[in-house]
Structure formats: structure tokens, C-alpha cells
Amino acid sequence: MTDSQIVRPYGDTTGDGMVQVSFTLPLPHDKVAEGAAAQLANKMGIDPALVVHAKPIGAGYTFFVVYGRVNHLVDVSQVEIVERDYPLLTPKEANAAVKRSLRRRLVVVGGCIGTDAHTVGIDAILNIKGFAGEKGLEYYRELKVVNLGAQVSVPQLVQRAREEKADAVLVSQVVTQRDAHLLNTREMSAAFRESYPAGKRPLLVVGGPRFDETMAAELGVDRVFTRGTTPGEVASFIVHRITQRKAS
Amino acid sequence: MTGTTGKPGKPGKLGLDPAEFKRARALARTVGRPIVSLAKKHTTVSVERATLRLAGLQGADADGIPWVNRLTDVVRADLHEQGGLAHGVALPVWDALRRGEADDLATLAQKASAGSIRFRLPEGREAKAATTAARVAVGKGIKRIDARRVERERVIKKVGDAPRTPWIYLIVATGDIYEDIPQAQAAAREGADVIAVIRSTGQSLLDYVPEGATREGFAGTYATQENFRLMRAALDETSRELGRYIRLTNYASGLCMPEIAALAGLERLDMMLNDSMYGILFRDINPIRTFVDQRFSRQIHARAGIIINTGEDNYLTTADAVEAAHTVTTSQLLNEYFAKEAGLADWQLGLGHAFEIDPEVPDSFRMELAHAMLARDLFPKAPLKWMPPTRHMTGDVFKGYLLDGFFNLVGALTGQGILLVGMMTEAVVTPWISDRDLALQNVRYVMNAAGNLHEDFRPAPGGFIVNRAQEVLGETIGLLEEIAHDTDDHGDPPLLAAIADGTFGLMKRPPDQGRGLDGVARKARDYYNPASELLEAK
């Protein structure tokens with residue numbers, strides 16, 4: 001993967017560089033507005049830019065759809081991603097690893113913190129029903145799952161984590177308005193740092209559709225999971241880290 | 001709203017057995033009635049504060065704590081020996097006014113907070129006099145609600161009503177009332193018939209209603225009396241401009257449900273989200289607190305001519321929309337029972353349901369149609385509220401746009417009263433101006449192309465849709481029977497026991513836990529609340 005590998009967007013011919021974008025400009029719909037849209041597209045690297053659709057929204061706005069060729073090249077070898085640094089385990093393997101290493105059930109406390117009432121994410125990971133054909137963490141015999149549901153305050157979460165002697169804390173954040181998910185996560189990780197001696201705090205895992213995987217350190221958590229994460233991945237990560245921690 | 005031209009003697013288009021509808025309703029009544037008597041036996045801090053608000057007490061102290069809270073807390077503390085709020089605030093408060101402790105409620109609240117007044121429970125002739133004075137004061141608030149209702153009818157007559165159903169329901173949620181206003185006006189100009197101002201997340205868990213015009217909300221704008229007034233005035237202006245009355249919606253839910261309901265009535269809001277069990281299940285508010293608050297708030301809504309919107313869509317955000325379809329119907333039946341008991345009429349019941357089946361499931365659209373038709377046939381006179389897909393909306397906005405189109409089609413086919421416009425960017429961003437415009441084009445296209453399709457459409461007898469609706473109805477009756485026979489160790493009403501063991505939305509909410517429990521008081525024999533008295537009278 002160190003060799004540079006250059007790609008361009010694909011419309012219908014390799015290397016044609018075709019993209020499609022849509023946006024709104026705060027201009028009434030007229031020829032000037034369409035020219036403005038083309039200019040913006042040009043500045044975005046789309047040349048030639050075809051303004052294929054322009055529709056007025058109210059008196060002062062116009063919505064555009066633009067097709068065109070971008071002149072940018074993408075070097076795939078320069079792409080940075082978080083590689084999975086833990087083995088994927090089946091539920092059976094995960095259970096066996098916990099049994100072998102902890103000789104008790106591994107405790108996971110989860111919930112949606114702050115005012116977020118969207119339990120879709122946490123439920124997909126925790127509920128036995130699961131997600132994407134994989135059973136949720138409740139299905140794992142050696143995991144004890146405490147799902148606190150929606151709108152859990154940070155102090156409540158810390159308290160329950162302490163009461164349950166949680167090995168891992170799982171937090172889901174769906175609402176992202178005004179970066180609520182980032183603020184809440186930082187508040188949460190700070191609270192755990194304060195409440196536990198260094199090295200003793202539970203594994204902190206956050207997830208949600210708008211998180212960036214690379215932000216774990218910045219947010220003070222051990223792992224960030226993003227869109228499309230399955231229960232198996234979360235379980236594998238937790239089991240891997242906790243059993244490693246125990247071994248070291 | 002829809003014809004009842006099915007088979008002779010059978011209601012609706014599905015031709016389901018009316019005896020089963022009757023049976024389902026009878027079970028809802030059996031389950032609901034003990035809850036109503038429980039609600040009648042209790043009061044809450046918020047019911048008492050709503051009563052003070054109806055009597056005209058407004059404003060807050062320097063810390064932003066409303067005077068209604070201050071006053072209620074002092075009365076409760078002073079009467080601690082006699083059971084706190086067990087007698088209601090009316091008697092001690094108007095007794096203090098009669099004794100000349102202050103000239104008006106606001107001064108009384110200020111003095112009480114400063115600790116210069118001691119409240120007592122008047123007896124005999126003094127109690128009678130306090131009763132009369134309280135009734136006059138609170139009666140003024142009820143009269144103002146009545147006047148606002150008449151005013152609404154007058155404005156609709158003058159400027160015209162929404163030209164068709166479903167009413168197009170759009171949401172604004174900037175956090176700043178002064179940003180909300182132009183957005184709401186723009187949404188109305190783009191075609192919205194109903195504007196909902198989403199509340200700041202977390203307001204449902206505040207045990208007070210913030211004061212004044214607010215500019216700092218989180219994913220929404222605080223519900224305050226002043227915000228209500230500002231938005232209603234702005235939409236009145238837009239209604240005149242557009243020649244159709246734009247309805248305003250907010251949320252009578254959470255710990256301050258009765259107070260928000262009172263403020264909505266006083267400021268002529270038109271619809272309120274008000275579900276019988278939402279707060280219990282999704283906000284972990286104490287069940288008894290919720291049922292007491294809910295009954296009072298619905299009595300106010302009934303009086304104010306406000307249409308309630310119930311929250312059944314929420315069940316499907318946490319449970320599977322196929323497996324849990326009958327929990328929606330069950331909740332609709334309970335919401336209907338509680339609403340009617342509180343005095344609401346059929347036209348005020350915006351019973352909720354949603355398009356949330358996984359689009360990968362075979363025949364998902366036919367099942368959506370079956371569920372929506374069941375709601376329509378079961379509640380033929382209610383303006384059902386149809387909620388768009390959220391759970392299976394992904395970053396694929398193009399697919400989402402198609403899904404919203406099918407959602408709109410079900411809406412057209414089943415005569416929905418209120419249609420919350422689905423946004424293709426549901427899972428991505430708070431809606432952009434272009435998202436809203438595209439969403440409205442989607443609705444318009446479907447209504448224009450297929451709005452009258454229901455005239456031709458009749459599901460085949462014994463076909464998939466009829467059978468699915470029958471199945472859901474059967475499961476509903478089964479669940480209601482199960483609830484009716486539920487018990488717990490404390491001999492609580494069966495519905496409380498059922499809520500405690502996780503029957504709804506898989507969340508377990510025991511009656512002795514949850515937020516706001518300490519604000520509940522069992523009424524003493526001589527409890528007096530002039531608002532309840534006037535609202536019960538009907």
C-alpha cells in the first residue's frame with residue numbers, strides 16, 4: 001500500500017472524473033444566479049460544470065444541481081484510517097475468552113447520555129435482537145449488559161458504572177446539533193477520569209453516526225465507533241482490550 | 001374524512017368485524033379506568049402550579065425560578081404537617097390573600113419566598129371564603145382560555161382554513177425564538193399548515209417552565225409563555241398574508257405538562273404533543289406523576305379546543321415495526337380512552353403512527369398500508385398523525401427520498417389528518433432549506449398525483465392487507481387482555497404493573513420509581529382545586 005495509487009471519480013468511463021453536487025445560494029433565481037453556481041462549481045475544481053437544475057426556493061434562494069468533471073486526483077495510499085487492531089471474535093470465542101481471562105462475567109454499562117433520546121444505536125449494539133444479522137451484546141452469556149436507555153445524565157452513568165463495577169461503558173450519541181455529541185462525550189470522559197484512579201477506569205467506548213473514528217484520543221475515550229458498526233465488532237473490541245488489560 | 005362504504009354493517013375499508021373493535025375498546029376502558037381513579041386521587045406540584053398560572057401568576061425571581069414554583073414550594077413546606085400539597089395550594093394561597101398578606105399573587109409569592117409569610121390551612125367560613133376567592137381568580141384564566149378558543153374560530157373564519165387534509169406539518173428548531181420566527185413564516189409560505197417548534201432537548205426533565213423570550217436552546221427552543229405568544233403573533237400575521245390559518249404546535253409533555261398545557265391554552269396554541277405514556281417510557285418520569293399530569297393537561301386541551309398529537313411513533317423507534325405494530329394500536333386505544341375521559345372530542349385526537357418498517361423486509365409497503373388502514377378504520381373520526389420514516393433513513397438521501405414518497409403515498413391512501421413531512425436528510429443533518437423544499441415537492445407530487453386514489457382503492461377481501469390488519473388487531477386484543485390481567489406485589493392497577501414489567505417499548509418503569517415522584521401528593525378529603533372543579537364541570 002506504500003505505492004501511490006491514483007484514482008479519479010467514475011461516471012461511466014474510467015478516469016472521467018465526473019461528480020454531482022447540489023447546493024443552495026442565497027440569490028433569486030435568474031441568469032446571474034446560474035452563473036454564480038457555475039462559478040462556485042469551478043472553484044470546487046469542477047470544470048466544465050454543467051448546471052443541470054436550478055429551482056427557486058422562496059424569493060431569495062435558489063437550489064442547484066451541478067454535474068461536471070473534477071480535476072482533482074485521489075492518492076489512495078495517502079488515506080488515513082483507523083485499522084482494526086483487535087481480532088474479530090464469534091460470540092462463542094468472546095465468551096470463552098472472558099471465562100478464561102476474568103473467571104467472571106464482563107460487565108458492560110451502556111446508555112445515551114445528555115438529552116439524546118435516540119436509543120436506536122445503543123439498542124442495536126446491546127439488545128439481544130442486534131443489528132445487521134448479528135446478535136446484540138445481551139446475547140453473549142459471559143457479558144452482563146446494563147442498558148440504561150435514553151437521557152442518562154453523566155453523574156448517573158458514572159454512579160451506575162461504579163455500582164455495577166463496569167469493565168466497559170458504552171455510550172451512544174445520535175443528536176449532533178451544535179456538536180452535542182462531542183461536548184457530551186468530553187464531559188463523560190472527564191467525569192470518569194475524575195471519578196476513577198488512573199488505569200482503573202472502565203473502558204470507554206462511544207458510537208454514533210456522526211463521529212470520526214480518529215477522534216478517540218481527543219475525546220478522552222478508548223474507542224470511537226461510527227456508522228455501520230456491528231455488535232460483533234464492539235464485543236470483540238471490548239473483550240480483546242479487557243482480557244489484554246487483565247493479562248498485562 | 002374517509003368513507004365508511006365497506007361491506008354492509010362493517011366499518012371502514014378493511015371490513016374487519018366491528019365486534020372486535022368494540023371488544024378492543026372495552027378492554028382499553030377496563031385497563032384505563034383504574035388509572036383514571038388513581039389520577040383523581042392525586043395531585044402534583046405541576047398541577048398546582050398550573051392552577052396558579054391560570055390565576056395569572058407569571059414571572060420569575062432573579063435566578064429565573066418562576067414565582068409559581070416559589071409559591072408552591074413555600075406552601076408545601078408550611079403545610080408539611082398537614083400533608084404538604086394534599087389539600088392543594090388554592091386554599092392556603094387565597095386564605096393568605098384574604099388575610100391581607102399581599103395585594104396580589106405576585107407580591108404574595110415574593111413575600112413568601114423571602115420567608116415573611118406563613119401559610120395555613122383555613123377552616124370553616126374562612127375556608128369557604130378562600131374557596132370562593134380562588135374560584136373567581138382561576139375562573140378568569142379559564143375564561144381567557146375560552147376567549148382564545150373563540151378567537152381561533154373567528155380568525156379561521158376570517159382568513160380561511162388549511163385548504164385540504166392532510167395538514168402539512170413542519171418543524172422548526174433553531175434554539176432561538178427570534179430565528180424560529182422567520183423560519184416558521186418561511187415554512188408556512190412554502191406550504192406548511194402546521195408549525196411545530198421543537199423544544200430544547202432536556203426541557204421535559206426541568207421541573208419548572210423557563211420565563212421570557214429565549215435565544216439559547218439545545219436542538220430546540222424552550223417552551224415559554226412569551227415564546228408561545230411571539231410565535232403565535234407572527235403566525236397570525238403570516239396567516240393573514242397567506243389567506244389560511246397556520247396552526248402552532250408545541251409539547252405538553254415532561255414534568256411540567258399541566259403548566260405547558262395551561263400556557264398553550266392561554267396563548268392560543270392549536271395542537272400539543274401529549275401522549276399518555278411517552279414520559280414514563282422514554283423519559284423515565286414516574287408513572288403516577290405522568291398520569292395525574294396528563295389527565296389535567298388533557299382537560300385543559302379539551303377546553304381550549306387544542307388537538308392533541310399522541311406519540312405512538314416512538315414505540316417503533318425502539319422496537320421492530322412489524323413485531324411491535326400491535327403496541328401502537330394498543331397505545332392508540334389507551335390514548336383514546338384517556339383523552340375522551342378527559343373531555344376531548346374525536347376531532348381533537350391526533351393519534352400517532354409511523355412508517356418505520358425496515359424497507360428490506362418483503363411486502364413492507366403492504367404492511368405499512370395495512371397498519372395505517374387499521375388505524376383509519378378503528379378511529380374513523382380522528383385526525384390521525386402520520387409520522388415519516390426515521391429509523392431506516394440512512395446517509396443514502398436518494399433512497400430516503402423514495403422512502404418518503406412511499407410514506408406520503410400511504411398518507412394519501414389512508415386519509416391522514418396530519419402529515420409530518422419526512423426529510424431525506426433525516427439521519428444526516430438538521431434540515432437545510434433545500435431539504436425542506438424537496439420534501440414539500442415530494443408531498444405535493446404525491447397528493448396531486450394520487451390524493452384521490454383512496455376513492456378507487458379497496459384491499460381485496462381476505463387478501464394480504466386485510467389479513468395483516470386482522471392479525472395486528474388480534475394481537476392488540478391479546479395484549480390488552482394480558483395487561484388487564486397483569487398484577488404486581490403491591491396490588492397496583494394492572495396497567496401500572498404492565499408498565500413496570502416492560503410491556504411497552506421494552507422499558508421497565510415501576511410505579512415507585514422515576515423522575516418527579518416526590519412532586520406527587522395523595523389528595524386529602526378536603527383537597528380543593530378550582531381549576532379541576534371548573535374543568536370537570538364541562
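Domain bounds here come from an automatic or database domain assignment. Keep in mind as you click around that this is a predicted model.

**Stop 1: the two domains of chain B.** Colour residues 1-41 plus 252-522 of chain B as domain 1, and 43-139 as domain 2. Going by C-alpha atoms, the centres of domain 1 and domain 2 of chain B are 37 Å apart.

**Stop 2: where those domains meet.** Here 15 residues of domain 1 of chain B are in contact with 13 residues of domain 2 of chain B. On the domain 1 side, select helix H9 (257-266), helix H11 (287-304) and strand E11 (520-522) of chain B, which each give two or more residues. Which element gives the most to this side? That's H9(B), with five residues. Colour the domain 1 side by class and you'll get 10 nonpolar, one polar and four charged residues.

**Stop 3: Gly519(B).** Now zoom in on the loop between helix H18 (494-500) and E11 of chain B, where Gly519(B) sits. Is Gly519(B) buried or exposed? It counts as buried, because it has 23 C-beta neighbours inside 10 Å and the cut-off for buried is 20 or more. Leaving out residues up to four places away in sequence, Gly519(B) touches Thr44(B), Val45(B), Ser46(B), Asp207(B) and Arg289(B).

**Stop 4: over to chain A.** Show both chains: the contact takes 20 residues from chain B and 19 residues from chain A. On chain B, pick out helix H7 (177-190), helix H10 (278-283), helix H12 (315-318) and helix H16 (433-450), each supplying at least two residues. By class, the chain B side has nine nonpolar, six polar and five charged residues.

Definitions and conventions
Residues are numbered from 1 along each chain as its sequence is written. Chains are lettered from A and ligands numbered from 1 in the order in which they are written. This is a predicted model: local features need pLDDT of at least 70, side-chain atom pairs count only at pLDDT 80 or more; totals for chains, interfaces and linings use all residues. Two residues are in contact if their C-beta atoms, placed from the backbone, lie within 7 Å. Helices (H or I, at least four residues) and strands (E, at least two) are DSSP runs, numbered from the N terminus. Ala, Val, Leu, Ile, Met, Phe, Trp, Tyr, Cys and Pro count as nonpolar, Asp, Glu, Lys and Arg as charged, and the others, Gly among them, as polar. A residue is buried if 20 or more other C-beta atoms lie within 10 Å of its own, exposed if 12 or fewer, and partly exposed in between; C-beta atoms are placed from the backbone.
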